[in-house]
Amino acid sequence: MSAATIPMSGDVAALIGKSAEHVENRSLLLDKFVFHKLWPVVEEQTRRGRDFVKWDEASRWSFIRIADGASQILSREAAEKRRRAGGNNVEPENRERFSAEAKIAESLANVKWDSKEIQSLRARHTRHFLGLFRKAYSERAAVTIGELEGRLAINLADSLIQNAGISLDRIFGLPFIPGSAVKGACRHAALAELKEASPEDAPSLLATFCAIFGTSDVDFKTGDLKEFRHHQAEKDTDCKGAVSFLPAYPINEARIVVDLTNVHYPDYYRSGREEDMSKEKPRPNPFPAVEAGAQFAFCLVLNGMDMRAELLTTARRWLETALTERGLGAKTAAGYGWFCLKPDVLLSLESEEAKEQEAAAAKARAAKEAEESNKAEDARRAALTPEALASEGLLGLTDDQFAAFAKDIGNKSEIEKRAFIGLLCANKEKRERWKTWKKKKPEIAQVVESVRANLNLPPLP
């Protein structure tokens, strides 16, 4: 029996499962319910005094569980563990371990979050947000669409597992890029341009830099703007930035995959001794990443500190430089986080948003017209006599229903009787029906004629 569970209270385990297999949000899985490499896997091994049993698949399975296609991948892992447990010459202890790990993989394969509908909904929300954003801020807003040319490793340091995090939306569990990361990448590109500027251009470029990002005294005293301190000798170096950098969300399917970084010389990295480099021990470490092809919308807005349009233009240029020439996130030197710009996609989104707004406006107009029509109809019906209302109801009946009503007319209210006989006199189609009944269905005609006579109504044609 597998004893491996994520550390949690008993009532929580009863609700979401021992392996959190019933949790339906990837963000929650990664933030609260990851496996630890030193968590006991097999009860028997723990009873033998081995309090912690190293489990190499723990981290990798924690990430596979939040990756696209998790169920299929983990099912294959479980099958492989079953195969190894059933192999020849397998030590009993290892056989028990493989079987226990297979059960864990099978439980993790029952992931609940894997829904294309959620991904589509998140992308649709982003596209709708872009339309509202541009409409609300107009000239104060700028939007750039970037498509990943390689994988994206973002927020690796923020996770229960060291150096293996990712930014996931709390509600949808889908990847996004925090605004702080967008601003940091943009600032880094701007700083590089500032350092390469000529002495003549540096003062004005520095003023633009400060206005866009904001600065503090520390930046000029000990920070990365120290070499430009002489330009700010008589100026206030503590100011707020005029441009706000919003989180970047995907506008299409953003797939999460499990990537690997391989540490070859762990002893050398710990000791720093060159002789330890002869002890090569490759140790693949998994981490989650966003797959290439995901398209993100980067939004900038003037926040009111300084409303000069040129600040927004320059900030957008620096952002696009950062995305296409420097990369965003971790491991950019290895090709991660590099984007290409997609202005055509932005134009397409604007066109789609315009069509959606037009469709929404048409729907609203139709709803308003229907409401006004209903009000007019209610007013018209309110002005009718009870007999006239009953006549309208009778006109809505089919031929068979109208005939059935005639057969049962003796049990109807006086208003309905008068309305029915009135139609036989006034309505051309109903007069023809009455003539047919007199010839072919005298039993109906007799019932109707009896009711007419009792009500002292004029003779029927």
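This is a predicted model: local features need pLDDT of at least 70, side-chain atom pairs count only at pLDDT 80 or more; totals for chains, interfaces and linings use all residues.
Residues are numbered from 1 along each chain as its sequence is written. Local features need pLDDT of at least 70, side-chain atom pairs count only at pLDDT 80 or more, and totals for chains, interfaces and linings use all residues; side-chain values use heavy atoms, with hydrogens and water left out.

Start with helix H7, residues 116-137 (helices are DSSP runs of H or I, at least four residues, numbered from the N terminus). Select Phe129 and Phe133, which lie four residues apart there, about one turn of the helix. Phe133 is buried at 4% relative accessibility, while Phe129 is partly exposed at 37% (buried means under 20% relative accessible area, exposed over 50%, partly exposed in between, with a 1.4 Å probe and protein chains only).

Phe133 and Tyr137 form a tilted aromatic pair, 5.5 Å centre to centre with 50 degrees between the planes (rings of Phe, Tyr and Trp, the last by its six-membered ring, pair if their centres lie within 6.5 Å; planes under 30 degrees apart count as stacked, over 60 as edge-to-face and the rest as tilted). Tyr137 is partly exposed, at 33%.

Next, select Phe209, Phe213, Phe245 and Trp318, a cluster linked by ring pairs.

Move to Lys430 in helix H17, residues 428-440. Lys430 is buried, at 4%, and lies over the face of Phe402, 4.0 Å from the ring centre (NZ of Lys or CZ of Arg must be within 6 Å of the ring centre and within 35 degrees of the ring normal).

Finish at Lys331, whose charged end sits over the ring of Phe287, 5.2 Å from its centre.

Technical notes
Helices (H or I, at least four residues) and strands (E, at least two) are DSSP runs, numbered from the N terminus.
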